[in-house]
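Take a moment to look over the sequence and the model below. Then read on, with the structure open beside the text.

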Amino acid sequence: MINLLRQRQTGHIIKLLLYIILGGGMAALPVVIGSMYLHSGMGHVYGVSCVYADSGGGPRGDGSGPVGAEDGRREAKAGDKELEECLARAAALAAGYDYDAAIALLSDSAYAESAKAQAAVSEYRAVKSTLVRADPGAITHIFFHTLIMDPSKAFDGDAWEKKYWQVMVTGEEFQKILQSLYERGFVLVQMHDIAYETTAEDGSVCFKEGDIMLPPGKKALVMSQDDVCYYEYMEGDGFASRIVIGEDGRPACEMRLDDGSIAVGSYDLVPILEDFIDEHPDFSYRGARAVLTFTGYNGILGYRTAPSYVDIGYVDIGFDYEQEREDAARVAECLKACGYELASHTWGHRNMGLMPLEDFIRDTDQWEEQVEPLIGPCDIIAFPFGSDIGDWHPYDTKNERFQYLYSKGFRYFCNVDSSQYYIQIGEKHMRQGRRNIDGIRMYYDLPESGLGNGHLSDLFDVGEIYDRSRPLPVR
Ligand SMILES: [Zn+2]
């Protein structure tokens, strides 16, 4: 199964870091610290401060220790250590393609004159001069659903098997997809990197194209995961049950094992992606992760946060509704700090283009009242069922559905589209088509399906990804 032991991996990183700090392996430092830094949501170097504090060598002094030459050597050592820390933080920024910040960090530091800092600055300047701006109109967006972690349970012939086969990808398939995307030069970016709202000097608001700068050969990519709710119907079918904050402060998943115990580990897209970026910090542009979308009717992130759970009397069996909402909000905060963008998928998983306007408004209001307080202000909506509130032409912004969603703060609108790119940047919004990566799409890309569509060939070789132990379609 997937590499489940995040804790073990973190321990390994800390050990490696100690080894590096205490004398060897400088070459590995940028990557290791890079991955730790990127996990911090760009705030501080994750875990490093405590590692440094612990690696001081022996008990804390009381101020009456040795004096003279030894003191001088100690000070020099401390200075070296701080310089290395500074270089490592710069390397982490550079690993995420933020060369300006890396250069500024070193140039503004107390070590600006040191040979090592100057060499690093020249290197970052040299790389920066080769960067190419990603065309905001040519950025692929792919999406997944919850990953099947135990295919034997998902494909067990029950009523849900066909649906899982059609719309879901297994954990192992996903890991292979990540590897292929990485090898082909894709780099995760946020939707907010592609275009963003800005206020002009006259106070008017407009959307502006972003400048995503990547080395030649690298390609920007948006990834999303829909329905990150761990619906009730999925219980016992080989999926995680919810996202939690692991002991290391990062997102992990809980999953119920056959013996009834609950394991915590990399049981869905989020922690698997975290593991991957640990190893490949250059898969993430400036800390970007995926977009996660939520309905509300079964709660979010595996927490039963919908008011219906109070109404049906869960409270009577010890279910603490308020605690559930608090926990969900904490996990949402942790995900945002890690670089995830959180989005609406409507309250009731509804077809927002076809449903009566009255229902459309009610659904939108319900999502805003019940889900937005848990995840914070939200400006992205991904429409279920590949529906949309307009045809393929740029939105008519007089369209009352567009106006209603806009009035609720939505600026990014996603439909489903199999084209490689589908981006429209309007005056006050952005619209992007998303490509479904799932069983049905992969199967009909396989030569043995008789179609061999090739829809996914820019992303991966489906013949190498598809798990052929899946049942045949429509069994
Ligand atoms: Zn959905």
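Start with confidence. The mean pLDDT of the protein is 86. Of its residues, 82% reach 70 or more. One stretch needs care. Over residues 1–67, pLDDT stays under 50. For that stretch the model has 90 contacts beyond four places in sequence. Where pLDDT is low, the predicted coordinates should not be read in detail.

Now the overall make-up. The protein has 475 residues, and 42% of them are buried. Its secondary structure consists of 18 helices and 16 strands. Which residues touch which? Take the contacts with a separation of 6 or more: 68% of them join residues 24 or more positions apart.

Next, find the first pair of helices. Two packed helices are described by the angle between their axes and the distance between the axes. Helix α5 covers residues 99–107, and helix α6 covers residues 115–128. Their axes lie 9 Å apart, at an angle of about 160°. An angle over 145 degrees counts as roughly antiparallel. So α5 and α6 are roughly antiparallel to each other. Their crossing is left-handed.

Which residues of α5 and α6 make the contact? From α5 come Y99, A102, I103, L106 and S107. From α6 come A117, A120, V121, Y124, R125, V127 and K128. Look at the spacing of these numbers along each helix. An α-helix has 3.6 residues a turn, so residues three or four places apart point the same way. The contact of α5 with α6 includes 9 nonpolar residues, 1 polar residue and 2 charged ones.

Move on to helix α11, residues 269–279. Is this helix mostly covered or mostly open? Mostly covered: 10 of its 11 residues are buried. The buried ones are L269, V270, P271, I272, L273, E274, D275, F276, I277 and D278. Charged side chains are on that list too, among them E274 and D275.

Helix α11 also has a packing partner. Helix α9 spans residues 171–183, and its axis comes within 11 Å of that of α11. The two axes cross at roughly 35°. This crossing is right-handed. On the α9 side, the contact is made by G171, F174, Q175 and L178. On the α11 side, it is made by L269, I272 and F276. These three α11 residues are also among the buried ones. By type, the contact of α9 with α11 divides into 5 nonpolar residues, 2 polar and no charged.

Terms used
Residues numbered from 1 in each chain as written. Predicted model: local features only at pLDDT ≥ 70, side-chain atom pairs only at ≥ 80, totals over all residues. Axes fitted to C-alpha atoms, helices over the stretch in contact; angles between N-to-C directions. Helix = DSSP H or I, 4+ residues; strand = E, 2+ residues; numbered from the N terminus. Parallel < 35°, antiparallel > 145°, perpendicular 65-115°, else oblique. Left-handed = near helix turned anticlockwise from the far one by under 90°. Contact = placed C-beta atoms within 7 Å. pLDDT = per-residue confidence, 0-100. Buried ≥ 20, exposed ≤ 12 C-beta atoms within 10 Å, placed from the backbone.
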